[in-house]
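Let's take a walk through this one together, starting with how one chain is laid out and then moving to where two chains meet.

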Amino acid sequence: MPGKLKAKIVAGRHLPVMDRASDLTDAFVEVKFGNTTFKTDVYPKSLNPQWNSEWFKFEVDDEDLQDEPLQITVLDHDTYSANDAIGKVYIDIDPLLCSEAASVISGWFPIYDTIHGIRGEINVLIKVELFNDLNRFRQSSCGVKFFCTTSIPRCYRAAMVHGFVEELVVNEDPEYQWIDRIRTPRASNEARQRLISLMSGELQRKIGLKVLEMGGNAVVGYLQCFDLEGESGLVVRAIGTACTLDKLTSGTPASNACNSPSKDGKESPLAHGCRSTHNSPVHSTCSSQRLSQNFSVSVPTLIFTGMGSGGSAGKEAGPLKTLLRQQTQTALEQREFPFFTLTSFPPGFLVHVGGVVSARSVKLLDRIHNPDEPETRDAWWEEIRQEIKSHAKALGCHAVVGYSESTSICEEVCILSASGTAAILNPRYIWGTLLARFEEQSPPSCGFCHIPYDELNMPFPAQLTYCYHCRRQKVPDVLFTTIDMPPEAAVTGKGCLIQARLCRLKKKAQGEVNATAISNLLPFMEYELHTQLMNKLKLRSMNALFGLHIQISVGENMLLGLASATGVYLTALPAPGGIQIAGKTPGDLNNEHHILTIQKRINDTIAKNKELYQINPPELTEELVGSPIPEPRQRSRLLRSHSESSDELSELDLSHGKKDAFVLEIDDTDAVEDIHSLLTDNSPPTGFYSCNTELMPGIYNWTSGVQMFTSVRVFRLIHANLTNQGLNKIFTDLCENLLKSFYFKLRSMIPCCLCHLNFTVAVPEEELIQVAVTAVAMTFDKDHSQEKSADKPTTKGCNETEEQLQFPLELCADSSSSNNQPSSKISGTASVDYGSFADRCSTWLELLRLKAHTIRRGSVKTSRRTQSLAHSGDHTHKYRTQFHNSVTVVKMTPLSFLPGTRIIKYLGIINMFFIRETTSLREEGGVSGFLHSFIAEVFAMVRAHVAALGGNAVVSYSMKECVLMENPNKNQAQCLINVSGDAVICVKETDQEPMPSTTNTGQTCSSGADGAT
Amino acid sequence: MAVELDVFVGNTTIMDEEVYQLWLDGYTVNDAVKVRMEGGVLEECEASADVLLSDTMDQYRTFHMCERLLHSPTKLANQLLFQIPPHRQAILIERYYAFDDAFVREVLGKKLSKGTKKDLDDISAKTSVTLKSCRRQFDNFKRVFKVVEELKGPLVENIRQHFLLSDKLARDYAAIVFFANNRFETGKRKLQYLTFQDFAFCAGQLINNWTVGAVGKAHTFSCIDNLVDDMDVDLDKEFLQELKELKILITDKDLLDQHKSLVCTALRGKTKAFNEMEANFKNLSRGLVNIAAKLTNTKDVRDFFIDLVEKFIEPCRSDRWTAADMRLYLTHYTNSAHILDTFKHQVVWDRYMGVIKSCIFKMYHD
């Protein structure tokens, strides 16, 4: 009897009218946990019932506490017929099981029905009493903290990073069970929601057990995904990084706690660098074989082919004995998978970065026969991970950071993908004690760029030069990584979002034929995506990519590839050469003229981009640059196995290794198209920047304006005979237009940056392309950034701290002069950060000033944006006193922090899965209306849960799944959404120590007291 | 290629005030896009027509989803679906309940019934306010009317509390409710020159002085919390009854002459229109007192404004009184009655004339 769960149903409000005759409702509530159910009394004839129930007590095992959600059902009592369900609330009580997280859940929750959406709200109070020492219970892992955040959470210190944890559980999908034919859509949806909730709970508990075994107390970078495999079942899988975290005492947040978003090298996670192996063409081995019922095609995409054709052997194979070139053997090599889901690190953690490693594999799905033994799926992932591991070794690295896994499923075909960045880590963190230190400690700001591999045994062709920063170590010419840019890295100018987009048609097929066709296409797609990325990088005169994420999505008749990354000019790396156009048919005058024109356009674009992104690297003093390293021809030695096709491909080597300029040959219309598409990418309008990493390289002075958004677009292809080129164009336009829409909608926030732009593509049906984007728009102070870049285009992060000290004061002056409101007023109020809009409504505010009402109160606020807010500062102040808001404002962001604020407490992970279905699609405004309200509802439910935990923000928010199925002819649609994030309490940054990135006026003149709810 | 679905949802609900206004004004999405294009947003943001269309659709959808909440504004503050900062909520509400003067002028004093609703297309054609917007405004009137009808206490305060409107707008709605309840005639040709604001002002005067609620207020004027049990919507029957007593001012010949001479003495030499005032005194006085005496009849209440215009304002206007003349005359006319020793109804007289005076001042223009 390890725990007692207590729940009290307080009241309801805004209930729907369930009795047409009286226009009222006779509501009561069922509270269910496990197999125990309690009921409240019926509160007759009211839309705002006050149940004020007794405490319902559930005595349960803590294992159940972890797995099960508390299920609250609101019903309308009906004397003569069956009671009608109004809706349900599922509450994950996990956050209550950890002493450091929330202690009580209390608040208004939207009552949700899968058919009708939100129908009123219910006020609930929940507590948990745990009786015994948690660790004695082997099946439970209460107390292990989970974080979605992919860095060491602010306000914690990593005592030790233990490494990779993974788990998956499988089950039958209720939607495909026979019973589904006879039950209502509502019952089916609810069964599914409940099952997934249970499975996530179980998964989390199992992962927690593994962490305890490893001696850790937390999982960071927890990434949980669903594979809806249809007939063959439902898979819930998760990966994460086990750590031992120490809570920082509140007084000393600065050490290495990463408590602010800033670039301050000290505090934020240390960097890791990365270097790209990607210039090497794709070498692919397609090994296909039949494993019992499972067809499997493995498509390694990097240089090395991993286990070659022995693909299925991997599972319990023990430590890999392959070429261990690295002299420094660390603990990592004894681990099965030295992987880290983190994308940014404590200082000193990351030593060198090798480049991106990735692996994909095509599988045929088969019914999961025994849910208790998910071996097949385990084996699949095992294979892929082995491959990744061996790729990393080939790059001379013993670890993989920024690691993630994903799937794309279409009918019975499934593409499994994994990618990460090969790296060398400081072993100190792995052991927790100081072991062998690296002999030469490279300068912190450029160390991660230095090559980890032996320059005589380069795994791929690349041109090495001496580091432009320290002049001592070798660096590659280009670096690709999946992680965030290390905060101490020195960059020139600003970064920008770079996307490569690609569509490939494929024939419709079944089974193995289909899988083979897909696996044959994959290497070409990767190759083309890389080429595009490289071209676009050069076109912007940049030399490194961070946050690279390549998604390949499979549909019945096409494959979509989307690679997103943030390009930057790393000061430590050599300047990129230009792009040179060459024609295949020199005789043709017309052609030559054409080529000249294109060449000119390209050159113009490069020049324009340099200016746009403020890339003006310092002049090189030639004598300092070491002579180029002899081209290492011996590399082939390292290539263990090549398939025939890969030899062929290597001829297409993107040979920037040898030439200054990148040469594009125009030999056919395809090439012309490619170049054309290269040039049609629009740069963001003035005042906007965009990136897919946490922060925009080159922008340091964030203000506190934050707007998180989700946007979904679905395009229907209506031309019957589309070519690859035509499709590419459509797909590219789709992505570009989405970006344009964002810029337009968010124009009131200028100057601002779209951060963490996360694109997800899917092919939900034969002729549909779906793109879903979640990102956050953040304001920054323009003047500062300009000043900064003008002053010192190439300085590194550490100096910035001092420089920025002077800014906050100026800021105050600015804002008060521009709108004559004393800035001291603002600081106190700071309720919500709607600053960007505030300036447009002053006249209305005048009207409002006259009234005295009581609606809003005490929302927890964090911070306020400096400039436009100053304007409305005193208005807001009035509102605070006039309106007593019962709704806490909850900010959401995909980043791990909110600018201008400090996270003081993590309340637990938010991981929610919702299904919404309608049989009156037209009446709800078509698919757009349907999805619009569903997304709004999901946001509302996330906010309500966070507020009930006592939080005021969600960080590291992501929408992992958005599956929309529609049938307009039947007037029906169904949508599934899975979201996750970390609920936190944050307060306005009041630290007196300068945080370079958080120059909000609040910190200069306010008390953060109003931050507490 | 066709966009099958296109949505954008912000954690903080994004609303563009310009688009909101277009939506309120009843523009279709396409018309709204046209207007916005002409407005020049595009150049400003390097966007294309597609972008504008997509944005407009998103916003229209958002407004449509919010509309339900706007019908009971107090819900907007504690609903969870949209995260809208308080000052934005206030703007949304205020604008949703704003109305066109041209429209309200047509409906003022009419019964807020289905019948009137059917005439909205005519009103729409006449005022060139879109039918959609007319409907919204009409439904707003009706909704406010329905809610306050059943409430006790001060009208303006009730409206302000239930609909979270600004003071000004709440007063306007009080006027609309008051007019609709008492069915004052405002549509006659002779009344066409009066604006809604003229009527709203008069309604305010009537509400504050002639209703049952007004009696309580007169004593504890500063204390709004003092909830009077009776409504502000109906005129004080007792008072109307008492008004009959004023008839003595015109039926008693002596009193009438005495009153006239007092007024004339005071006015002599102070205005160019003195002769006309002197000549018309008895007519004008009869006019005003007769209006007072007839107010017990519902029918005559309805004609209150038309009577004021016909019996008083028009004669004065044809004699070319200036506004200052009017002020002078009415002030002395009212005050002189106090000096009449046989006239015992000073309190009723003041209560009556105070309102009449301010209404006429407001209504006396071209």
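Chain B splits into three parts in this predicted model: domain 1 covers 17-96, domain 2 covers 101-187, and domain 3 covers 236-363. If you take the centres over C-alpha atoms, domain 1 and domain 3 of chain B sit 51 Å apart.

Now look at where chain B meets chain A. On the chain A side, 69 residues make contact, and they touch 54 residues of chain B. How much area is buried between the two chains? It comes to about 5,800 Å², with carbon and sulfur atoms giving 63% of that.

Strand S27 of chain A (residues 702-716) lines up antiparallel with strand S1 of chain B (residues 2-10), and eight bridges join them. To pick out one spot, go to Thr710(A): its bridge partner in S1(B) is Val9(B).

Five salt bridges turn up across the interface of chain A and chain B. One of them links Lys745(A) to Asp58(B), whose closest N and O atoms are 3.1 Å apart.

Taken as a whole, the chain A side that touches chain B has 40 nonpolar residues, along with 15 polar and 14 charged ones.

Definitions and conventions:
Residues numbered from 1 in each chain as written. Chains lettered and ligands numbered in written order. Predicted model: local features only at pLDDT ≥ 70, side-chain atom pairs only at ≥ 80, totals over all residues. Heavy atoms only, no water. Contact = heavy atoms within 4.5 Å. Buried area = accessible area lost by both parts, 1.4 Å probe. Salt bridge = Lys/Arg side-chain N within 4 Å of Asp/Glu carboxyl O. Nonpolar A, V, L, I, M, F, W, Y, C, P; charged D, E, K, R; others polar. Pairing = 2+ DSSP bridges. Helix = DSSP H or I, 4+ residues; strand = E, 2+ residues; numbered from the N terminus. Domains from an automatic or database assignment.
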